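User: Can you walk me through this one? I'd like the overall picture, then a few local details.

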Amino acid sequence: MSYAHSHMGSGSRTARRTFEFGKTYVVRPKGKHQATLVWLHGLGDNGLSSSQLLESLPLTNIKWICPTAPIRPVALLGGFPCTAWFDVGELSEDGPDDWEGLDASASHIANLLSTEPADVKVGIGGFSMGAAIAQYSATCFAIGRYGNGIPYPLNLRAIIGLSGWLPGSRSLRNKIEVSHEARRRAASLPILLCHGISDDVVLWKYGEKSAQSLSSAGFRYVAFKSYDGLGHYTVPREMGEVCTWLSSRLGLEGSS
């Protein structure tokens with residue numbers, strides 16, 4: 001088990017929640033180790049199901065790390081506790097963002113990647129709520145710090161978000177525009193977003209809005225792919241495009 005502490009200052013008092021993350025599963029590369037990606041599951045799921053999906057992919061040079069989110073009450077489910085990377089009440093432009101939960105999960109993910117060899121490229125991907133954390137991590141990388149101000153430690157090389165959305169989209173552009181370094185980092189990071197047009201859980205329009213928000217904030221390499229007839233799940237054709245995109249963007253050997 002792994003723990004992450006989150007601090008939220010309010011005058012002289014500090015509120016603090018401790019998040020207990022579940023088991024992490026690892027899929028080892030079958031060939032030369034060139035890249036490591038953390039893959040994040042959706043609401044109520046776990047790292048095991050992610051690892052089972054990923055070990056079937058023809059990407060022999062990638063090591064996959066599949067953590068499990070903490071169990072916490074989720075407002076969207078009426079306070080019902082389940083595995084969730086952060087708390088979410090509604091998916092809308094005006095919905096509040098759980099910055100404390102977002103930072104705790106983004107920090108946990110960065111810690112999982114922090115011990116990878118220097119010559120190995122690192123990235124983050126995920127499905128649904130996991131895709132939201134992957135995109136949030138991309139913004140932390142560009143800005144150079146988490147929402148709580150602590151420096152972000154990784155040099156991310158790829159982000160993948162399937163059927164997800166972008167937390168904190170309203171303030172993103174302003175945070176990146178003020179810094180030359182943030183603009184440079186945003187412009188360097190390739191992002192692949194995929195979304196089913198028939199998704200009735202995280203609506204397609206939220207995926208499209210995420211891509212637009214990232215692009216307008218200065219992320220130059222955002223690819224947004226839509227899938228007719230696809231609901232809130234993945235299909236082989238979509239995962240095939242993920243493989244092709246990763247092989248190209250990360251320059252992987254021996255991948256078709």
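**Fold and local details**

Analyst: In the protein chain, residues 24 or more positions apart account for 73% of the contacts with a separation of 6 or more, a contact being heavy atoms within 4.5 Å. This is a predicted model, where local features need pLDDT of at least 70, side-chain atom pairs count only at pLDDT 80 or more, and totals for chains, interfaces and linings use all residues. Residues are numbered from 1 along each chain as its sequence is written, and side-chain values use heavy atoms, with hydrogens and water left out.

User: How many helices and strands does the protein chain have?

Analyst: There are 7 helices and 11 strands. Those are DSSP runs numbered from the N terminus, with helices being H or I of at least four residues and strands E of at least two. The radius of gyration is 17 Å, close to the 18 Å from the globule rule for 256 residues, so the chain is as compact as a globular protein of that length. That radius is taken over C-alpha atoms, and the rule is 2.2 Å times the number of residues to the power 0.38.

User: What share of the residues count as buried?

Analyst: Of the 256 residues, 51% do. Buried means under 20% relative accessible area, exposed over 50%, and partly exposed in between (1.4 Å probe, protein chains only).

User: Switching to Arg185: where is it, and is it buried or exposed?

Analyst: Arg185 sits in helix α5, residues 180–188. Its relative accessibility is 17%, so Arg185 counts as buried.

User: What does the Arg185 side chain reach?

Analyst: Two backbone oxygens: that of Phe141 at 3.0 Å and that of Ile143 at 3.4 Å. Such polar contacts are pairs of N or O atoms within 3.5 Å; within protein, one must be able to donate a hydrogen and the other to accept it, and residues adjacent in sequence count only if both atoms are side-chain atoms. Leaving out residues up to four places away in sequence, Arg185 touches Phe141, Ala142, Ile143 and Gly144.

User: And what covers the buried residues of α5?

Analyst: The cover includes α3 (129–143) and α4 (169–177). Ala182, Arg185, Ala186 and Ala187 are buried in α5.

User: Which non-glycine residues have a positive phi?

Analyst: Among them are Ser128, at about 60 degrees, and Ser163, at about 55 degrees. Most residues other than glycine have a negative phi. Ser128 lies in the loop between β8 (121–127) and α3, while Ser163 lies in the loop between β9 (156–162) and α4.

User: Are Ser128 and Ser163 buried or exposed?

Analyst: Ser128 counts as buried at 8% relative accessibility, and Ser163 is buried at 0%.
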